[in-house]
Amino acid sequence: MILYRFNMDGSPDLSFGSAGYITYDLSSGSDEDGSSIDMDGDKYVILGSHGYGTLLKAVMWRINNDGTYDTSFITDGYLLISVLDQDYGTRGRNVKVKDWFYYFNATKLWPPMVNVIGRVTMDSQLDTSIGDSDTPGLIKLSLNHNVNFLEHDGYFEFDQNNNLIGST
Amino acid sequence: MSMKDIAHMVNNELKYSILSVDWSSESRLILFRLNKDGTLDTSFNSTGYHYGFAPFCEHSRDFIIDKDNRYVVIAK
């Protein structure tokens with residue numbers, strides 16, 4: 001994953017990394033793919049994916065304003081999230097910071113396919129007070145998650161009454 | 001050039017910022033800023049846009065404007 005920062009005038013922010021960008025590689029040979037970014041104060045909350053081929057999990061980073069991992073979020077600075085207790089094919093899609101939580105959605109592209117919404121506390125705990133019985137902390141957005149529905153994307157938003165609206 | 005709109009945002013000055021990817025070469029990111037009338041805002045990087053960093057293949061996905069009015073872009 002690469003994080004770029006530009007000044008308001010469009011020039012690279014050379015105070016960020018060595019040339020206005022920083023790369024993040026969680027382990028040798030793995031892929032890191034950032035998908036969505038939001039702010040928590042002056043920190044960056046990022047959702048994406050991490051893995052090797054079909055071995056893929058959603059990952060949430062919290063990055064300090066200087067580009068370093070925020071180890072006050074979690075020791076390593078990032079949280080891995082699997083769906084249905086499997087390590088296969090899960091991509092993080094969107095993240096939004098709201099009311100002391102980091103809401104996110106993720107899509108599991110490996111059967112059984114499913115799109116989920118969850119929320120993580122600011123100290124990196126998946127909030128299991130919400131969610132479905134077989135996926136504590138994760139609300140499944142599926143018509144039938146035991147078949148291969150085309151649930152490759154998903155999105156969520158809060159309406160003006162703070163209701164959480166999800167799509168799959 | 002083959003471009004795809006990835007994300008967009010309006011800043012406090014009502015200028016429109018658009019993040020795109022140029023798929024025709026190395027999937028490099030393009031960040032545009034437009035004035036309210038749709039013209040390129042040439043106060044942004046002197047051209048109205050920023051065209052990626054070589055040598056990365058930059059599948060840019062999302063961006064925000066942070067509290068200090070800096071543009072923060074994530075890419076693969």
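Visitor: What makes β7(A) and β8(A) count as strands that pair?

Guide: Two strands pair if DSSP finds at least two bridges between them. The strands themselves are DSSP runs (E, at least two residues; helices are H or I, at least four), numbered from the N terminus. Keep in mind that this is a predicted model: local features need pLDDT of at least 70, side-chain atom pairs count only at pLDDT 80 or more, and totals for chains, interfaces and linings use all residues. Residues are numbered from 1 along each chain as its sequence is written, while chains are lettered from A and ligands numbered from 1 in the order in which they are written.

Visitor: Which residue stands opposite Lys96(A), and how many residues lie between β7(A) and β8(A) in their hairpin?

Guide: Tyr103(A) in β8(A) stands opposite Lys96(A). Two residues lie between the strands of the hairpin, and Asp99(A) in the turn has a positive phi of about 50 degrees.

Visitor: What makes β1(A) mostly covered?

Guide: Five of the five residues of β1(A) are buried. Ile2(A), Tyr4(A) and Phe6(A) point one way, Leu3(A) and Arg5(A) the other.

Visitor: Which strands run beside β1(A)?

Guide: The order is β2(A)-β1(A)-β6(B)-β5(B), in an open sheet of four strands with antiparallel pairing. The edge strands are β2(A) and β5(B), for each pairs on one side only. Three bridges join β1(A) to β2(A), and five join β1(A) to β6(B). Leu3(A) shows both sides: it stands opposite Ile22(A) in β2(A), and also opposite Ile74(B) in β6(B).

Visitor: How do you know that β5(B) belongs beside β6(B)?

Guide: Five bridges join β5(B) to β6(B), and at least two are needed, so they pair. In this pairing Ile64(B) stands opposite Val72(B). Across the chain boundary, Arg5(A) has Val72(B) as its bridge partner.

Visitor: Which residues is Val72(B) in contact with?

Guide: Two residues are in contact if their C-beta atoms, placed from the backbone, lie within 7 Å. Leaving aside neighbours within four places in sequence, Val72(B) is in contact with residues including Leu3(A), Ile37(A), Tyr44(A) and Phe63(B).

Visitor: What does each chain bring to the contact?

Guide: Chain A gives 23 residues and chain B gives 23 residues. On the side of chain A, β3(A) gives the most, with seven residues.

Visitor: What makes a group of residues a nonpolar core?

Guide: The members must be buried Ala, Val, Leu, Ile, Met, Phe, Trp, Tyr or Cys, joined through C-beta atoms within 7 Å. The largest such core here has 45 residues, and those with the most contacts inside it include Leu3(A), Ile46(A), Leu31(B) and Val72(B).

Terms used:
Buried ≥ 20, exposed ≤ 12 C-beta atoms within 10 Å, placed from the backbone.
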